[in-house]
Amino acid sequence: MKSDTKPNVCVVGLGYIGLPTAAIIARAGCKVLGVDVSEQVVETINRGEIHIEEVDLDGLVQGVVSRGLLSAATRPEAADVFVIAVPTPFDDNHAPDISYVLSAGRAIAPVLKQGDVIILESTSPVGTTEQLRDMICEQRPDLKCPGRTGQTPDISIAYCPERVLPGKILEELTNNDRSIGGISPRCARKALAFYKRFVRGECITTDARSAEMTKLVENAYRDVNIAFANELSIISDRMGLDVWEVIRLANRHPRVNILQPGPGVGGHCIAVDPWFIVHGAPEESPLIRTARGVNDGKIRHVIGHAEALVEAHPNARVACLGLAFKANIDDFRESPARLVAATLARKFGSRIQVVEPYAAELPIEFTGTGATLIDIDTALEECDILIALVDHDIFRVVPLAERADKLVYDTRGIWPDQPKAVPVLAEDLRLAG
Ligand code: SAJ
């Protein structure tokens, strides 16, 4: 790849990160081939359409596909830069599964040539980029791999995690700073030159292992801080305090910035990535492990409270507000709100209604429960109990006048003006019932 010509790029994995990344690289003028194992995803993208929801992504993909800069296929082809953005889930024991990363490496190995740059973006346990390198070395003994030879390597390999927020992916892909961890400093420099083409944020080079850990640490930091807020909310319930009032006041301190309690932590990153650290250093990570337990425990706490409230009012109709894992998005995967609503639906059947403006129908686990999907106006007209599970703007703006006579369990603190007539302790609710 000559530095003055635009590289051809192959992006492996066209999910929530891979597709926006491929589109942004194409917008910068590089010819991009997106690769995905799903024929359906490939066909959708080749039509200029998208299979995921993300602000402004549809127009961008449509534009770069119609200009011939982005196309998709199920198999990689020769390119100058390869970007791997495939999932790294964990198993039942919270052990990370890097098999998708390794199969992506196996898929690109046959088309690699001298001068190519391989970049791993998937969130990965420390050491994964080196494992990827070792695997490529085995597949292509004819290529000199970085860190495995004293000579100048034929290819460069680096780790460069994304750190974008769903709902703001395109903006953050361009503007956020990036850590770029090379297997060697030379690899980092090659990857840096590539990211400079489309990233406006600062790109900071380091080694691959530090970059891998940085990504995990960022999400563990947030998890630990949300756990603090969630623990405060459980303590406040016990003491009969309004946790949002306490946090609001504490945050007036110039060096205190407590996050917001909620029904637990959802999504595919913050509730997952801390386990990669715990798995790598189990004895040394009691705080990070405990934070995971506190945040998962908060889901059970909310279910217990909600069940007690519904049981205490046998004739009341109940609206669960929200299924998404956070505000103003249509992503229901790994969502505490969805788990709470489904648990209530299984237990209380048709007494439970769900309001989710981002859903066309209820997810599969609601089938046969008798629960139905209704809109917010119907909920406000027909339901007696409101359980606020997601802080969607459309819920926030409901004025007090329309909910003053309701029993409200607000797990997100969206209605600070709600009269606190509802007993807060599950024990109190049982007594009240
Ligand atoms: N949440 C709270 N209270 C808060 C903040 C969040 O309960 O004060 C909950 C949310 O409701 C949600 C969960 O935490 O259920 C996660 O939401 P989030 O907005 O904190 O983060 P994600 O999962 O959408 O994206 C995170 C981001 N990481 C950090 O902020 C450190 C993002 O920058 C990463 O790129 C992304 O994970 C990722 O892909 O790793």
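How far does a polar side-chain atom of arginine 222 lie from an oxygen atom of the ligand? The distance is 2.5 Å, which falls under the heading of a polar contact, that is, a pair of N or O atoms within 3.5 Å, where within protein one atom must be able to donate a hydrogen and the other to accept it, and where residues adjacent in sequence count only if both atoms are side-chain atoms. This is a predicted model, in which local features need pLDDT of at least 70 and side-chain atom pairs count only at pLDDT 80 or more, while totals for chains, interfaces and linings use all residues. Residues are numbered from 1 along each chain as its sequence is written, and side-chain values use heavy atoms, with hydrogens and water left out.

A backbone N or O atom of glutamine 260 lies 2.7 Å from a nitrogen atom of the ligand, and an N or O atom in the side chain of lysine 326 is 2.8 Å from an oxygen atom of the ligand. Taken alone, the ligand exposes 760 Å², of which the protein buries 88%; such accessible areas come from the Shrake-Rupley method with a 1.4 Å probe, and for residues only the protein chains shown count as cover.

Around the ligand there are 19 residues, and those that come nearest are Val164, Lys215, Asn219, Arg222 and Gln260; a residue is counted as near a molecule or strand if one of its heavy atoms lies within 4 Å of it. The shell divides into nine nonpolar, three polar and seven charged residues, where Ala, Val, Leu, Ile, Met, Phe, Trp, Tyr, Cys and Pro count as nonpolar, Asp, Glu, Lys and Arg as charged, and the others, Gly among them, as polar. At least three residues of this shell come from each of domain 1 (9-201) and domain 2 (243-432), with the domain bounds taken from an automatic or database domain assignment.

Valine 243 is found in helix α9 (residues 243-250); helices (H or I, at least four residues) and strands (E, at least two) are DSSP runs, numbered from the N terminus. Valine 243 has 5% relative accessibility and therefore counts as buried, a word that means under 20% relative accessible area, whereas exposed means over 50% and partly exposed in between (1.4 Å probe, protein chains only).

The next topic is charge pairing. Side chains of opposite charge can pair when their charged atoms come close. The structure holds 22 salt bridges, each being a side-chain nitrogen of Lys or Arg within 4 Å of a carboxyl oxygen of Asp or Glu. One of them joins arginine 47 and glutamate 49 at 3.3 Å, N to O; arginine 47, at 51% relative accessibility, is exposed, and glutamate 49, at 40%, is partly exposed. Another joins lysine 347 and glutamate 307 at 3.7 Å, N to O. Because lysine 347 lies in helix α12 (residues 336-348) and glutamate 307 in helix α11 (residues 286-312), this pair ties together parts that are 40 residues apart in sequence. Lysine 347 is partly exposed at 45% relative accessibility, while glutamate 307 is buried at 18%.

Helix α1 (residues 18-27) is largely enclosed by the rest of the structure, because nine of its 10 residues are buried. Among these buried residues are Gly18, Leu19 and Pro20. Just after α1, glycine 29 takes a positive phi of about 100°.

Aspartate 56, which is not a glycine, has a positive phi of about 70°; aspartate 56 is found in the loop between α2 (39-46) and α3 (57-66), and is exposed, with a relative accessible area of 55%. Asparagine 328, likewise not a glycine, has a positive phi of about 60°; asparagine 328 belongs to the loop between β9 (318-321) and α12 and is partly exposed, with a relative accessible area of 32%.
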